[in-house]
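Welcome! Please have a look at the sequence and structure first.

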Amino acid sequence: MADTLRRLVNTTTCKLLQNKLESWYKDYHINSCDQNLNRCCELIELTSKVQGELFTILSLAASEGGVYCGIDTIKSRFLPWLGSNFTVITSGVTSDTSFTLLQESAEKDRKLWELTTGHDKEMLELETELNTTRRHLGAVKQELAEAHLELDDTQNKSAVTFQVTEDEIIRLRTELRSVREQVRYYKQKVEMLDDYEHKIRQLKDEVSFLSAEKSSLQERVPGRCSPISFPSVSRFSPTYGKLTNGSRQARLISRFNDIYANERLHAQNLLRRYVDDLEMVKQIVFIATAEAFQAAKMAFRQFKLRVRKTLSPSHRGPEPLDDTVIDYIIRNLDLYDVQSSINDVIRNISVHPKISIPIDVDFILISSFIREICRVAFAMQTLDPPLDIAFTADGELFNENKYRRSYDSDFTAPLVVYHIWPALVENGTVIAKGEVFTKRGALWAPSKSQSRSASPVRSRSVSPTRSLSSRSRSPSPLRRSISPRR
């Protein structure tokens with residue numbers, strides 16, 4: 001019985017019957033009478049086949065139940081329906097109910113088939129999408145592995161490049177240090193060469209002086225008392241210094257102001273590389289300026305004495321000897337031994353008690369600034385009257401006619417804390433104002449820095465003027481070399 005039922009299910013006769021019924025229903029009004037009858041007969045044949053199978057299953061099911069099983073069901077449902085030639089409707093199931101059941105069964109089968117087909121399609125699509133995703137994931141994994149390899153390669157190259165760059169930087173720094181040492185060495189050579197050239201010119205000038213003196217002495221032999229004129233001075237105008245005094249004064253004042261505006265700032269920038277305290281840098285520049293004026297005035301006095309001593313034996317002109325000496329100095333300013341004055345200034349500011357900087361800082365950094373100040377100060381001594389810087393003292397009262405305040409000063413403070421630039425005076429009259437820093441209560445504030453060294457020389461030095469007067473005034477060997485020989 002189970003085999004017969006499985007065969008009935010597998011043949012899907014009921015499903016085919018339902019499909020034919022639906023097709024017939026759709027085409028019923030279109031078909032002819034013969035076509036409708038043929039359709040009906042075809043359905044009856046199919047129904048008879050289904051009924052034959054069902055009767056076979058009924059017989060087998062009844063035989064499996066034995067003699068008494070199923071007798072009530074056959075009596076109540078099958079025999080009445082069989083006695084009425086398959087048209088008697090039992091009290092439990094009507095024809096509409098049977099048709100409805102068949103229709104519902106066919107509808108469920110159709111939906112089940114559609115769901116099965118849709119599920120199969122969805123499964124196929126999901127498998128296809130899954131395969132595509134797997135392939136994409138494999139490609140991404142491959143790209144990720146390649147990216148890791150490239151990253152490792154880049155890191156290795158970067159490490160090698162960094163090492164090479166670091167070695168190159170070390171090598172370049174070594175070369176730069178070597179080049180700087182060479183530049184420093186050549187600068188010293190150039191300065192020595194300049195000193196040699198100055199010395200040669202001075203020796204030549206001294207030789208000319210001595211030759212002239214020798215010739216004058218030879219002409220003073222008894223019986224020959226003719227006046228002798230000094231060849232190196234006779235061609236100069238005795239009033240040259242007085243005639244050009246105004247123009248030289250204006251030019252020197254302008255140069256003094258240019259040094260304040262340009263060279264002073266450059267010197268401050270050089271010192272700021274090694275000294276962090278801007279106040280200390282400004283004081284160093286001011287002290288260097290004051291010491292340069294003192295050294296230049298000392299050198300001028302010594303130079304003037306040597307020239308006067310040289311020219312006095314041969315002077316026969318109507319003009320005063322002092323005018324002749326000044327004219328000679330004006331025309332031979334290049335004979336001034338400025339390097340000796342620079343050395344004196346550097347030596348003095350190195351032991352100045354107000355200066356506190358690192359021990360390894362050398363004031364040769366600002367030698368060009370000191371050179372310009374010395375030259376200007378030396379040339380100012382040739383004026384009539386000469387120009388000089390005003391006397392200064394920390395804690396002095398602020399004088400508006402003499403100074404101007406710096407931009408960071410307290411404009412209500414009456415006392416000067418420190419000087420930034422000296423005032424230029426002529427016989428006590430201010431020609432060019434200086435610059436100072438003023439602040440209330442700053443003079444009584446404790447010192448922020450310690451002295452560079454505790455040498456006895458620094459402890460005895462009180463001011464630029466006193467330190468200048470305390471040092472020896474004997475001329476240097478280079479200066480003695482240009483003094484006239486007897």
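Is Glu 175 buried, partly exposed or exposed? At 37% relative accessibility, Glu 175 counts as partly exposed (buried means under 20% relative accessible area, exposed over 50%, and partly exposed in between, with a 1.4 Å probe and protein chains only). This is a predicted model, in which local features need pLDDT of at least 70 and side-chain atom pairs count only at pLDDT 80 or more, while totals for chains, interfaces and linings use all residues. Residues are numbered from 1 along each chain as its sequence is written, and side-chain values use heavy atoms, with hydrogens and water left out.

- The structure holds 14 salt bridges (a salt bridge is a side-chain nitrogen of Lys or Arg within 4 Å of a carboxyl oxygen of Asp or Glu).
- Glu 175 has Arg 171 as a salt-bridge partner, with 2.4 Å between the closest N and O atoms.
- Glu 175 and Arg 171 are four residues apart in helix H5, so about one helical turn separates them (helices are DSSP runs of H or I with at least four residues, strands are runs of E with at least two, and both are numbered from the N terminus).
- Arg 171 is partly exposed too, with a relative accessible area of 38%.
- Another salt bridge links Arg 110 with Glu 107, where the closest N and O atoms are 2.1 Å apart.
- Both Arg 110 and Glu 107 lie in helix H5 (residues 95–219), three residues apart, which is about one turn of the helix.
- Arg 110 is partly exposed at 29% relative accessibility, and Glu 107 is partly exposed with a relative accessible area of 28%.

- Asp 322 and Arg 308 form a salt bridge, their closest N and O atoms being 2.1 Å apart.
- Asp 322 lies in helix H10 (residues 321–331) and Arg 308 in helix H9 (residues 278–311), so this pair ties together parts that are 14 residues apart in sequence.
- Relative accessibility is 36% for Asp 322, which counts as partly exposed, and 33% for Arg 308, also partly exposed.

**An exposed arginine and its helix**

- Arg 180 is found in helix H5.
- With a relative accessible area of 53%, Arg 180 is exposed.

**Around Arg 272**

- Arg 272 belongs to helix H8 (residues 245–272) and is partly exposed at 37% relative accessibility.
- Arg 272 and Lys 282 are 10 residues apart along the chain, and their C-alpha atoms are separated by 9.8 Å.

**A hairpin and its turn**

- Strand S4 (residues 424–426) pairs with strand S5 (residues 429–432) in the antiparallel sense, over three bridges (two strands pair if DSSP finds at least two bridges between them).
- Glu 426 has Thr 429 in S5 as its bridge partner.
- S4 and S5 form a hairpin with two residues between them.
- Asn 427 sits in the loop between S4 and S5, and its phi is near 55 degrees, a positive value in a residue other than glycine.
- At 66% relative accessibility, Asn 427 counts as exposed.

**A cis peptide bond**

- Asp 384 and Pro 385 are joined by a cis peptide bond, with omega at about 0 degrees.
- Pro 385 is located in the loop between helix H12 (367–380) and strand S1 (388–389).
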